[in-house]
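Biologist: I would like to go through this model and ask what lies behind the labels.

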Amino acid sequence: MTEPNIPVTEDELHAYVDDELPAERRGDVEAWLATHPADAERVRAWRAMAEALHARYDAVADEPVPQRLALDRLARPQRRVIYGAIAATLAAFLAGGAAGWLAHGVSTAPSSLQAFTFDALEAHRLYVVEVRHPVEVAGSERAHLQQWLSRRVGYTIKAPELDAAGLKLVGGRLLPGPHAPAAFLMYESPNGERFTLYTSRAATPTTQMRYMTRASDGALYWSDRGVGYVLSGPDDNKDRLQQVARAVYDQTEKNGG
Amino acid sequence: MNTFRDSVEAMIPALRRYARALTRDVDVADDLVQDALVRALRSERLFVGGDLRSWLYTILTNLNRNRRRSLARKPLFAPLPDSAAGASGTEAEACDIARALATLVEDQRAVLLLVTLEGLSYREIAEIQGVPIGTVMSRLARARSHMRAALDGERPTLRRIK
């Protein structure tokens, strides 16, 4: 038995077991396994593991689907949302250097704004897991929501349009903030990813955008003329977080928050 | 009639299997599937082609991440292992597999199940988890190596911890 010219890597062993290996390399791997008993044993164990998983869980797929999962029961009247009209200007803006724009905010953040961000992340963690009652007022009542929150927080709240980022407004709620009531808006993507925007009067007049992370959540926060903003979302894709925060920033700035 | 809904419906058994293995709890798993289906139906008009199967697994994966985050805040509600010790024969082997799965961290468990149980490609899983393929490969390698250790040599250790 001749050795393959190129040694077989562990990744290739996995790919071999999972049928992801290019056909022309399969022969090499088989030759390798014939002369490397430890690797052959690993491959055998991985296959046995897959069989055991099927043996344990395939029966679940054969069970009759419970009544509560019937689609007719789950379907609700669809809310009409217009998507797909992506503002070309905004898209072009987002494609530009958001990274550089973030990087130059390096002076130290006032600690009160950090405490503010901490509250916002807490609210994010608390409400993002809610399936049935994530908000007090639904996004379908946008005008009412904005009017109500504006009245309570004491400045104009206009829920940003984040359709271009694939996010629609779930709705909002009022929360206690560190200095004054806070407005809390939740957005959601078709994949179930949720982002929240927390805004309230802040002690800090104006700052650059900064980043904070906690557990698996990330937040970008800034303040603008005495109003603080915290955009929180999943921390596993920072570009995405930045993209959304940038869209929020651009719109709140325009509205003179 | 409604091809979108039919395609979603055809996926329910596989989604239930994946959710059950992921959570190892019948009720939690079906809650998860239910939430995923509600979201999928709600987002029907946002789904513009592409792979429906991957999309559904993506929704379920995100929902499970949210769920686990809420569990972390309420440790009292952590799910119990779905089988008692002391079973015998094939039942015992099945318990071992479930218990070994429980020792994996979430992302590794998801990769292992999506590859071996659901038969998704590495590329599809990379998209579902929003990570590069290299990360999927290393999660898979770690998952298999931990599982093997849990199944082979470390049964007494596991029992003692329990």
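Biologist: Where does A:A164 lie in chain A?

Modeller: A:A164 is in the loop between α8 (142-153) and β2 (168-175) of chain A. Helices (H or I, at least four residues) and strands (E, at least two) are DSSP runs, numbered from the N terminus. This is a predicted model, where local features need pLDDT of at least 70, side-chain atom pairs count only at pLDDT 80 or more, and totals for chains, interfaces and linings use all residues. Residues are numbered from 1 along each chain as its sequence is written, while chains are lettered from A and ligands numbered from 1 in the order in which they are written.

Biologist: Why is A:A164 called buried?

Modeller: A residue is buried if 20 or more other C-beta atoms, placed from the backbone, lie within 10 Å of its own, exposed if 12 or fewer, and partly exposed in between. A:A164 has 20 other C-beta atoms within 10 Å, so A:A164 is buried.

Biologist: What makes A:D19 exposed?

Modeller: A:D19 has 10 other C-beta atoms within 10 Å, therefore A:D19 is exposed. A:D19 lies in the loop between α1 and α2 (23-35) of chain A, and has a positive phi of about 60 degrees although it is not a glycine. Most residues other than glycine have a negative phi.

Biologist: Why does A:R225 count as exposed?

Modeller: Because A:R225 has 11 C-beta neighbours inside 10 Å, A:R225 counts as exposed. A:R225 sits in the loop between β6 (217-224) and β7 (227-234) of chain A, and its phi is positive, about 50 degrees.

Biologist: How many residues of chain A are in contact with chain B, and what makes a contact?

Modeller: Two residues are in contact if their C-beta atoms, placed from the backbone, lie within 7 Å. By that rule, 39 residues of chain A are in contact with 46 residues of chain B. The largest share of the chain A side, 13 residues, comes from α3(A).

Biologist: Which residues touch the most other members of the largest nonpolar core?

Modeller: A nonpolar core is a set of buried Ala, Val, Leu, Ile, Met, Phe, Trp, Tyr and Cys residues joined through C-beta atoms within 7 Å. The largest has 52 residues, and B:L60 is one of those that touch the most other members, as are B:L15, B:Y18, B:A36, B:L56, B:V111 and B:L114. Helix α1 (residues 3-23) of chain B supplies the largest share, eight residues. Leaving aside neighbours within four places in sequence, B:L60 is in contact with B:L15, B:Y18, B:A19, B:L32 and B:A36.
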